Every structure is written in C-alpha cells, then in structure tokens.
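Please read it alongside the sequence and the model.

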Amino acid sequence: MERRNFLSHMGTGTLVACSAIPLLSSKPDSTSGILTKGEIQHMVIFDLIHEKGNEAAEKFLNDGRQLLSKIPGVRNFEVLDQVSLKNDYTYGFSMFFSSQMSYDAYNTHPAHQAFVEYRWKKEVKRFLEIDFKAH
C-alpha cells in the first residue's frame with residue numbers, strides 16, 4: 001500500500017486510538033530506564049564457569065538478581081544475555097544509582113561483598129565492569 005493512502009485505509013477508530021497513546025515524559029521518574037544528570041549506570045559483563053543455560057548458571061543469575069537488586073540504592077536491576085557478535089561475553093548485570101554515594105554504598109554493602117566473595121570469585125570465569133554517568 002502506498003504511503004499516501006495509508007491514513008485513508010486506517011480508519012478514524014485507529015487514528016483516535018493512536019492519538020490516545022501518552023507521550024513519553026522528558027523528565028524520567030525513579031523507575032524509568034533513563035539516567036538523569038549525575039546518576040550512574042553500573043554494568044558488568046561476564047562469563048561463568050558453568051555452561052550457558054544449565055541449572056548452575058541459572059541459579060547464579062537468579063541469586064544475583066534476588067540478592068543484589070534488594071540492596072538499598074539499586075534501581076532498574078537487570079540480568080542480561082549477550083547477543084552481539086562483536087562481543088564474546090555471555091551475560092550481564094546492569095543497575096542504576098542516583099549518585100556516586102549510593103554506588104559506593106552498594107559496593108561496600110555486606111550483601112554485595114558476600115556475593116562477590118562466595119559466588120562471583122568462584123563462579124565467574126572473566127568479566128568487564130562498565131560504569132557510566134549521565135552526561
């Protein structure tokens with residue numbers, strides 16, 4: 001169908017429904033996936049000693065989500081699977097912090113330190129940390 005005929009074939013009901021879709025706010029709230037100035041996104045990409053998708057790998061990822069996402073100051077915690085052919089890491093964790101102070105508190109939190117000591121150091125084969133501040 002040609003572009004110029006598209007609107008005439010959509011019908012008025014579709015146009016009314018589309019106009020009711022809210023526009024994205026330019027000011028993100030605390031649950032949005034958008035960093036505001038001064039906020040930090042902490043990411044780590046990694047490989048496990050376990051085969052991708054096996055029970056031990058899934059347990060590590062789920063335990064990481066359960067433990068780390070509950071640490072005060074952590075927001076938008078995500079467990080990610082790598083899909084890029086340009087990067088050979090397997091998994092990723094990503095999270096947001098409102099400030100350097102909340103990021104520092106996360107790093108020294110007992111739950112984070114225990115996860116690193118008893119799980120990360122034993123089950124992660126290699127990793128790369130990436131930390132960005134909103135520009």
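## Terms and basis

Ala, Val, Leu, Ile, Met, Phe, Trp, Tyr, Cys and Pro count as nonpolar; Asp, Glu, Lys and Arg count as charged; the others, Gly among them, are polar. This is a predicted model, where local features need pLDDT of at least 70, side-chain atom pairs count only at pLDDT 80 or more, and totals for chains, interfaces and linings use all residues. Residues are numbered from 1 along each chain as its sequence is written, and side-chain values use heavy atoms, without hydrogens or water.

## The largest pocket

The largest pocket holds about 210 Å³ of space. Its lining has 13 residues, and H42, H112, V116, W120 and E129 are the closest to its centre. A pocket is an open set of points on a 1 Å grid where a 1.4 Å probe fits, with protein on both sides within 12 Å along at least five of seven lines; lining residues have an atom within 4 Å of a point.

The lining divides into nine nonpolar residues, three polar and one charged. Helix α5 gives the most, with four residues.

## Helix α3

Helix α3 covers residues 55–68. Helices are DSSP runs of H or I with at least four residues, and strands are runs of E with at least two. Buried in α3 are A57, F60, L61, D63, G64 and L68 (under 20% relative accessible area, 1.4 Å probe, protein chains only). They sit on the same side of α3, because they cover an arc of only 165° around the axis, taken from the directions from the helix axis to the C-beta atoms.

## R119

R119 lies in α5. R119 counts as buried because its relative accessibility is 17%. Leaving aside neighbours within four places in sequence, R119 is in contact (heavy atoms within 4.5 Å) with K59, F60, D63, A114 and V124.

Terms used: Grid points are joined across faces, edges and corners, and a volume is the space filled by probe spheres set on the points. The expected span of a helix is 1.5 Å times one less than its number of residues. Buried means under 20% relative accessible area, exposed over 50%, partly exposed in between (1.4 Å probe, protein chains only).
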